[in-house]
Amino acid sequence: MSKKALKVVVSVMLIAALIVSVFGLVQGNLTASASTQKTVKIKFLSNLPDRTSNQGKLEQMLIDSYMKANPNVKIEVEALQDEPYKQKFKVYVATNQMPDIFMVWGQPSFFLPVMKAGYAAEIKLDQIKGYGFKTSSLKDFMYNGKLYGLPRNTDFMVLYYNKGLFNKYKVKVPTTFNELLNAAKVFRKNGIAPIAINGKDKWILAILYQELVVKESGDQKLIYDAISKKSVSKNQILLKAAKDLVNLVNVGGFQDAFVAADYGAANNLFAQEKAAMYYMGSWEVGMAANPNFSESFKKNVDATYFPIISGGKGKKTDILAWHGGGYAVSASSKVKNEAMKLLLYMMHPTRWAKIGWQQGLVVPGQNWEKFMTGKETVLQKKLTQIFSSATSVSGTVWQDAFTPNFKTEAETLCQMLVAKAITPEKFLAKIEELAKLEVK
Amino acid sequence: MARESSFNKKSRAVLLVVLGLFSIGQLFPLVWLIDFSLCKSGDVYGANILKIPNPPQFINYYLAWRDGKIPQYFINSVIVNVTSVLLVVLFSLMMGYAFVRMEWKWSNKVLTYVLLGLMIPIHATLLPNFVIFRQLKMLDSYFALIIPYVAFSLPQAVFLMTGFIGSIPRALEESAIIDGCGIFRILFQIILPLSKPAIVTVTVTTFLNTWNEFIMAATYLTSDKFRTLPFSVYNFAGQYASNYAVQFAVMTIVALPSLIVYIALNEQVTKGVTLGAVKG
């Protein structure tokens, strides 16, 4: 009896196993027969899951137009949000299965290990002649003098502000740090949040700290040098900048509970005209045309330089600017040439830069001024003016310039500083400790 | 007597208030979700906790449906989840019976081995499974999800089933054998109908776990063809761009099936959990 039962169980399991393997075979065969045809399949790994707006829309548009122009090419896009993207990226790296073309962050904390390990294919400089990339924009996509990726956008920090609120409360748009502190006090009195900021995301605080260091010193290199040389705690300028930041917190410069506010919360606070200013990067250029925001907001939104500090050496035109996301082609790809063609097609100045700018989707990494039509929004014009008048730019921000671990820890320390969990002196001491551990 | 009943009344009132508050707390997020799924994206972080949508933005649902590729992902989710749940129920029932009622040499050790699965974290298995699936050419298929879903749900399901089957009186099976029942008839005609509460519990827990699962799906799937519903939510999220209202609409749609399953089977679940718990 039980022997019979055992036989039945075993045979059921065998059948199940057979079914599974047959399915596996069929799938294997399908992919095999597809590759014998002449279609070229390119796997594209992107960090832009939203394909209907902003950069994701632009990316998809260019991919679609490429497939239309090359009917034998089929591009399979896999788009994941940043965190799942990093997870999946690790899986691909660990199993040596890199997609043919993939998004990279042009920061040493992300891209350097990828280039070092030889996962990315070299892009010859004469392949991108006339593409309008400035050498400085390619710096973080290069290793040992060779280029391995192309940046998508120019990212730089500005202070967005609401003209309507400044007029209503008769406040002058701040050009110095003291004016900023005074403006903050006035807005506080009237129940308006002075500056909306996403303190929960931490990185913004680290960037703001660097902004203050630059405005204090006028020296873009200072913070990087101090960390490389591990002489942070004794540096008076770094200390002053940390105190400035705490000062801004003390006068109520940010919205209530800003340490717990995420990106959307800060953005919406500003967009609903409940905050007078918003410290954020150029990628928010689309705010002035966003159909989800009110007409009154869109009429009032404007942007300016981050204020200078009286007594500091920095100019208002010393800005924080870098090139974040970009693309690279896999070195081990079977369709490397086709993937490279696609990359060069997308990043051609008449595509990513021109279409992206004219549709108000991005601030491109290439020179975009020649694509101005005169129909730009106020923000587009202001941002162009701010960037083109820059007298010095930072490059990759300080927390991204070292190891991934440094980034995480340094950002957390910045959050602790603004939450007043540590004093400015302690903050610098901790950063120095961190530098000793993480920076060789 | 009179004192006791007035005390009862009081305690009843207190209980009602507490439970009322509790249910408001539980239901509020849902109301909030549905409310803002009908507002404009910019309204989410306003001063009001709830906002009367004026006019209701039904377009959010349309966008969610279209851009979130909900119909396609939904079908995938249904295929993967229904198959997983059926397999888990079938396997756990058979295994539960084999462990509790059948006498064989390694019975206890194998049961312990299966239950060890409860302690394995999903993240530790992502990479090895990815490699195995790749070599079997099973990446990017329904099986790449069904197999790990079943494997991860089985330990808990077997745990519930063994507890439950143990509580069924042996006399029933004995009389069935006397009437000439074979082992499969005992299992499917006697044990199966009696185990309904346990089966429902297994169904619901497996369903809820796998319906919302994202990390395995994100790892084992590469193309759009087999993606499941949680991807819809992620299609609208980005670090720099978030259409909150449409995301809320997506989440409402995604949450509905689990809600319906839970509401429909709620009573059985409670029964199944408690009956499984008091194993003798």
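Among contacts in chain A between residues at least 6 apart in sequence, 75% join residues at least 24 apart, where a contact means heavy atoms within 4.5 Å. This is a predicted model, so local features need pLDDT of at least 70 and side-chain atom pairs count only at pLDDT 80 or more, while totals for chains, interfaces and linings use all residues; side-chain values use heavy atoms, with hydrogens and water left out. Residues are numbered from 1 along each chain as its sequence is written, and chains are lettered from A and ligands numbered from 1 in the order in which they are written.

**Chain A overall**

- Chain A has 17 helices and 14 strands; these are DSSP runs numbered from the N terminus, with helices being H or I of at least four residues and strands being E of at least two.
- Taken along the principal axes, the box filled by the C-alpha atoms of chain A is roughly 85 × 60 × 45 Å.
- Chain A has 440 residues, and 55% of them count as buried. Buried means under 20% relative accessible area, exposed means over 50%, and partly exposed is in between (1.4 Å probe, protein chains only).
- About 19000 Å² of accessible surface belongs to chain A, with 56% of that on carbon and sulfur atoms. Accessible areas come from the Shrake-Rupley method with a 1.4 Å probe, and for residues only the protein chains shown count as cover.

**Helix H2 of chain A**

- Helix H2 of chain A (residues 54–69) has 16 residues, which should span 22 Å at 1.5 Å a residue, and its end C-alpha atoms sit 23 Å apart, in agreement. The expected span here is 1.5 Å times one less than the number of residues.
- What is buried in H2(A)? The list is Gln55(A), Gly56(A), Leu58(A), Glu59(A), Gln60(A), Leu62(A), Ile63(A) and Tyr66(A).
- As background, an α-helix has 3.6 residues a turn, so residues three or four places apart point the same way.
- Packed against the buried residues of H2(A) are strands S1 (40–46), S2 (73–79) and S13 (325–329), plus helices H13 (336–346) and H14 (349–358), of chain A.

**Thr154(A)**

- Thr154(A) sits in the loop between strand S6 (150–151) and strand S7 (155–162) of chain A, and with a relative accessible area of 2% it is buried.
- The side chain of Thr154(A) reaches the backbone oxygen of Pro364(A) at 2.6 Å.
- Setting aside neighbours within four places in sequence, the contacts of Thr154(A) include Ser282(A), Trp322(A), His323(A), Val363(A), Gly365(A), Trp368(A) and Phe387(A).

**Salt bridges**

- Searching the whole structure turns up 21 salt bridges over all chains; each is a side-chain nitrogen of Lys or Arg within 4 Å of a carboxyl oxygen of Asp or Glu.
- Asp302(A) and Lys163(A) form one of them, at 3.9 Å from N to O. That pair links distant parts of the chain, with Asp302(A) in strand S10 (residues 301–304) and Lys163(A) in helix H6 (residues 163–168) of chain A, 139 residues apart.
- Asp302(A) also meets Lys382(A) in a salt bridge, at 3.0 Å from N to O. Lys382(A) lies in helix H15 (residues 378–388) of chain A and Asp302(A) in strand S10, so this pair ties together parts that are 80 residues apart in sequence.
- Buried or exposed? Asp302(A) is buried at 5% relative accessible area, whereas Lys163(A) is partly exposed at 29% and Lys382(A) is partly exposed at 25%.
- In chain B, the side chains of Lys69(B) and Asp224(B) meet in a salt bridge at 2.6 Å, N to O. Lys69(B) is in the loop between helix H2 (59–67) and helix H3 (70–100) of chain B, and Asp224(B) is in the loop between helix H10 (215–220) and helix H11 (230–235), 155 residues apart.
- A network of salt bridges links Lys41(A), Lys74(A) and Glu76(A).

**Positive phi values**

- Most residues other than glycine have a negative phi.
- Lys420(A) is not a glycine, yet has a positive phi of about 60°; Lys420(A) belongs to the loop between helix H16 (404–418) and helix H17 (424–438) of chain A.
- Lys137(B), also not a glycine, has a positive phi of about 55°, and is found in the loop between helix H5 (122–135) and helix H6 (143–166) of chain B.

Methods
A polar contact is a pair of N or O atoms within 3.5 Å; within protein, one must be able to donate a hydrogen and the other to accept it, and residues adjacent in sequence count only if both atoms are side-chain atoms.
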